[in-house]
Amino acid sequence: MIPLLRMQGFVTEIAVDLMTATGKFPVFVSANERRDAEENLELTRLVVFQAEQRRTFEQSLVRSRDDAYQGLADERATSALREQFIAVLGHDLRNPLASIDAGLRMASKEPLSPKQTRLVGLMQASSLRMSGLIDNVLDFARGQLGGGLTLARDLSKPLEPTLRQVVAELQATHPDVEIVEEFSIHAAVDCDHSRIAQLLSNLLGNALTHGAIGKPIRVEAASVNEGLEISVANGGDPIPAAAMERLFQPFFRGDVRHSANGLGLGLHIASEIAKAHGGTLTVASSEAETRFTFRMPTQPDQVP
């Protein structure tokens with residue numbers, strides 16, 4: 001310490017252990033010199049202060065750094081596990097289901113008895129429903145584990161055929177329900193067609209589950225005020241006010257029929273798809289009807 005003090009005129013926070021009758025006493029020592037005009041030493045000032053708390057603080061910083069490194073390693077391991085989980089949903093479940101669906105389509109083209117036709121139809125409905133469940137769980141996992149919903153926007157293709165296909169698929173699996181469609185989309189829509197199809201499928205599936213038996217379901221899509229508006233309406237009892245507040249939360253199912261087995265993710269995923277497109281998904285429910293309405297701008301620069 002003395003050579004450094006002589007060379008630069010000061011030293012700061014030199015760690016020193018003082019020996020006492022009870023053991024070591026850690027301190028920090030700072031010193032500075034004052035000299036006259038001829039560089040003669042006038043005085044040396046020493047400041048000694050206890051170092052125990054400071055050293056404890058420094059040790060805690062080291063531990064925090066080590067914990068941060070460990071946390072980073074854990075996060076990388078979690079990320080790898082997340083990717084494996086999504087891969088299971090996206091590949092190991094989808095591919096066998098696609099094979100089942102292809103087999104059912106081939107079987108439906110063969111001459112079948114009325115009983116066999118009905119059985120194939122039920123299996124196709126289950127296959128379609130399972131595909132929707134996989135999509136919802138996959139999207140929920142991505143959202144919760146950090147991936148988020150991804151969009152592949154396409155302005156070149158018309159959206160109306162995609163919507164009609166969704167209605168046709170669900171109508172085929174629910175032949176006893178009247179689905180009335182009214183489409184009037186005049187402007188090109190910059191959107192992810194598969195995501196919008198998923199949104200409509202979730203809304204229509206919800207209407208098929210909760211709609212009143214014997215009453216038609218209305219599906220409408222139109223170009224409105226430089227935007228797109230899609231709505232699905234069904235008859236039946238109005239949604240209770242308490243349920244309305246939680247309707248778009250994950251895993252919320254409300255009062256469903258005993259035969260309606262679901263995860264309660266459909267409306268949540270539909271809401272997330274709406275947000276990803278810069279749009280909104282709202283609901284209005286009365287004695288007359290329950291209507292879900294999706295609105296989005298047709299062009300990205302129109303997003304508020």
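Biologist: Leaving aside its neighbours within four places in sequence, which residues is phenylalanine 294 in contact with?

Modeller: With contact meaning heavy atoms within 4.5 Å, phenylalanine 294 is in contact with Ile196, Leu199, Leu228, Glu229, Ile230, Ala274, Thr280 and Leu281. Please keep in mind that this is a predicted model, in which local features need pLDDT of at least 70 and side-chain atom pairs count only at pLDDT 80 or more, while totals for chains, interfaces and linings use all residues. Residues are numbered from 1 along each chain as its sequence is written, and side-chain values use heavy atoms, with hydrogens and water left out.

Biologist: Which residues touch the most other members of the largest nonpolar core?

Modeller: Leu163, Leu204 and Phe294 do, in a core of 38 residues. A nonpolar core here is a set of buried Ala, Val, Leu, Ile, Met, Phe, Trp, Tyr and Cys residues joined through side-chain atoms within 4.5 Å, and buried means under 20% relative accessible area, exposed over 50% and partly exposed in between, with a 1.4 Å probe and protein chains only.

Biologist: And which element gives the most to this core?

Modeller: H5 does, with 8 residues. Elements giving two or more residues include helix H4 (160-173), helix H5 (193-210), helix H7 (266-276) and strand E8 (290-297); helices (H or I, at least four residues) and strands (E, at least two) are DSSP runs, numbered from the N terminus.

Biologist: How do H5 and H7 cross?

Modeller: Their axes come within 9 Å and cross at roughly 145 degrees, where axes are lines fitted to C-alpha atoms, for helices over the stretch in contact, and angles run from 0 to 180 degrees between N-to-C directions. Across this pair, Arg195, Gln198, Leu199, Asn202, Leu203 and Asn206 in H5 meet Gly266, Leu267, Ile269, Ala270, Ile273 and Ala274 in H7.

Biologist: Is glutamine 198 buried or exposed?

Modeller: Glutamine 198 counts as buried, because its relative accessibility is 11%. Not counting residues up to four places away in sequence, glutamine 198 touches Asp135, Asn136, Asp139, Ile269 and Ile273. The C-alpha atoms of glutamine 198 and alanine 270 are separated by 7.4 Å, although the two are 72 residues apart along the chain.

Biologist: Why is H7 described as largely enclosed by the rest of the structure?

Modeller: Because 8 of the 11 residues of H7 are buried, and these are Gly266, Leu267, His268, Ile269, Ala270, Ser271, Ile273 and Ala274. H7 is followed by glycine 278, which has a positive phi near 75 degrees.

Biologist: Changing topic, where is glutamate 226, and what is its phi?

Modeller: Glutamate 226 lies in the loop between E5 and E6, and its phi is near 60 degrees, a positive value in a residue other than glycine. Glutamate 39, in the loop between strand E2 (23-35) and strand E3 (41-50), also has a positive phi, near 70 degrees. Glutamate 226 is exposed at 63% relative accessibility, and glutamate 39 is exposed with a relative accessible area of 54%.

Biologist: Over which residues is the pLDDT below 50?

Modeller: The protein averages a pLDDT (the predictor's confidence in each residue, from 0 to 100) of 82, and 86% of the residues score at least 70. Over residues 256-260 the pLDDT is below 50, and this stretch has 8 contacts in the model beyond near neighbours in sequence. Where pLDDT is low, the predicted coordinates should not be read in detail.
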